[in-house]
Amino acid sequence: MTKESVVWSTVRRYEDVDYSRTDDGIARIMICRPEVHNAFRPQTLMEISDALTLAREDPEIGVIVLTGQGDKAFCSGGDQRVRGDTGYLTDPDEPGSVGRFHVTDLQVQIRRLPKPVVAMVAGYAIGGGHVLQIVCDLTIAADNVRLGQVGPKVGSFDGGFGAGLLADIVGVRKAKEIWFMCRQYGADEALAMNLVNTVVPLADLEAETVAWCRQMLELSPMALRLMKASFHAAEDGLAGIQQLAHDANLLFYATEEAKEGREAFKAKRRPEFERFPRRS
C-alpha cells in the first residue's frame with residue numbers, strides 16, 4: 001500500500017481523549033492517559049462514546065481509528081484505582097458513588113457503528129484494552145505489541161465479547177488458555193492466532209493504519225456498512241439481525257416503492273403499489 005503523509009486536525013479535546021480527523025475522512029480517537037498505560041476510567045469511556053457519536057454523525061467520516069497515546073500502550077484495561085464494589089466509580093471520592101461497567105456499552109456501540117473501526121495498537125493491549133481491540137473491525141499492530149488478559153489476576157472477567165468473540169477468533173481451547181493462564185503474547189503469536197490483521201514496525205504503524213483506512217475510503221460506504229452488519233448478524237444473534245434489518249430498511253426508504261407508500265399516506269389516497277415489480 002502507498003503510504004502518504006498524515007495530518008491530524010483536532011476536532012475536540014476532552015480530558016482523557018483526543019478526537020481528531022484527516023481532511024480525507026478518517027477519524028482518530030486517542031486515549032490520552034499514558035501515565036497509566038492508557039487505562040480507562042468511566043470518564044474515558046464516556047468521552048470515547050461521545051467521540052464515536054460525533055464520527056458516526058459526520059457524513060465526511062468514513063473510517064474510525066481507535067488508539068492510545070504513545071508507543072507503550074494501546075490500553076491496559078480498567079483503572080483499578082477507581083474500581084469499586086459495584087463497578088468503576090465515576091467519582092471515587094464521593095461517598096456512596098455507584099459503579100458501572102461503561103465499557104460493555106462501548107463494546108456494543110463499536111459493534112453497532114455503521115462505519116469500520118480500526119484499532120491501531122502499539123505496546124500493551126491488556127485486559128479490557130485487549131477486548132476493545134477485539135471488538136474493533138480490524139487491528140493494525142506494531143511489532144512491540146503485548147496482548148493478553150489479566151481478569152482472573154485482579155478478580156475480574158469478561159464473559160461477553162471478551163469470551164465469545166475471542167473464542168470465535170482463536171478457537172475455544174486457545175481462548176480458554178488466554179483467560180485461564182493470563183499469559184501475554186507478542187506480535188508473532190498474535191498474528192498467528194488471528195488476534196491482529198497485520199504487524200508492522202512501530203515506526204510505520206500510523207502510516208500503515210492510514211493506508212488501510214484510505215483503501216476502505218475508496219470503497220462503497222453502504223456496502224461496507226452492510227458487510228459489517230452481516231458479519232455481526234451471525235455473531236450477535238437477534239441483536240445482530242436487528243442491525244442488518246435496520247440497514248435494509250434504510251436502503252428501502254430511498255426506493256420509489258417506499259416513497260409511494262409515504263406520499264400516498266400524506267395525500268390520503270390509495271397507494272399504487274401495483275406499479276412496482278414483484279421480484280423473484
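User: What should I know about the model and its numbering before starting?
Analyst: The model is predicted, so local features need pLDDT of at least 70 and side-chain atom pairs count only at pLDDT 80 or more, while totals for chains, interfaces and linings use all residues. Residues are numbered from 1 along each chain as its sequence is written, and side-chain values use heavy atoms, with hydrogens and water left out.

User: Is threonine 44 buried or exposed?
Analyst: Buried means under 20% relative accessible area, exposed over 50%, and partly exposed in between, with a 1.4 Å probe and protein chains only. Threonine 44 has 0% relative accessibility, so the residue counts as buried. Threonine 44 is part of helix H1, residues 42-57. Helices here are DSSP runs of H or I with at least four residues, numbered from the N terminus.

User: What does the side chain of threonine 44 pair with?
Analyst: A polar contact is a pair of N or O atoms within 3.5 Å; within protein, one must be able to donate a hydrogen and the other to accept it, and residues adjacent in sequence count only if both atoms are side-chain atoms. The side chain of threonine 44 makes such a contact, of 2.7 Å, with the side chain of aspartate 16. Contact in general means heavy atoms within 4.5 Å. Setting aside neighbours within four places in sequence, threonine 44 is in contact with Asp16, Val17, Ile31, Arg33 and Ala39.

User: Which residues touch the most other members of the largest nonpolar core?
Analyst: A nonpolar core is a set of buried Ala, Val, Leu, Ile, Met, Phe, Trp, Tyr and Cys residues joined through side-chain atoms within 4.5 Å. The largest one has 47 residues, and Ile29 and Ile64 touch the most other members. A second, separate core has 15 residues, including Trp8, Ile26, Met120 and Ala122. Not counting residues up to four places away in sequence, isoleucine 29 has contacts that include Val17, Ile48, Leu52, Ile64 and Leu66.

User: At what angle do H1 and H2 cross?
Analyst: Axes are lines fitted to C-alpha atoms, for helices over the stretch in contact, and angles run from 0 to 180 degrees between N-to-C directions. The axes of H1 and helix H2 (residues 102-112) cross at roughly 15° and come within 9 Å. That makes H1 roughly parallel to H2. Angles under 35 degrees count as roughly parallel, over 145 as roughly antiparallel, 65 to 115 as roughly perpendicular, and the rest as oblique. Among the residues that meet are Leu45, Ile48 and Leu52 in H1, and Val103, Leu106 and Ile110 in H2.

User: How do H3 and H4 pack?
Analyst: Helix H3 (residues 128-135) and helix H4 (residues 161-170) pack at about 55°, with axes 10 Å apart. That makes H3 oblique to H4. His130, Val131, Ile134 and Val135 in H3 meet Phe161, Gly162, Leu165, Leu166 and Ile169 in H4.

User: How many residues of H3 are buried?
Analyst: Seven of its eight residues are buried, and H3 is mostly covered. The buried residues are Gly129, His130, Val131, Leu132, Gln133, Ile134 and Val135.

Notes. Helices (H or I, at least four residues) and strands (E, at least two) are DSSP runs, numbered from the N terminus.
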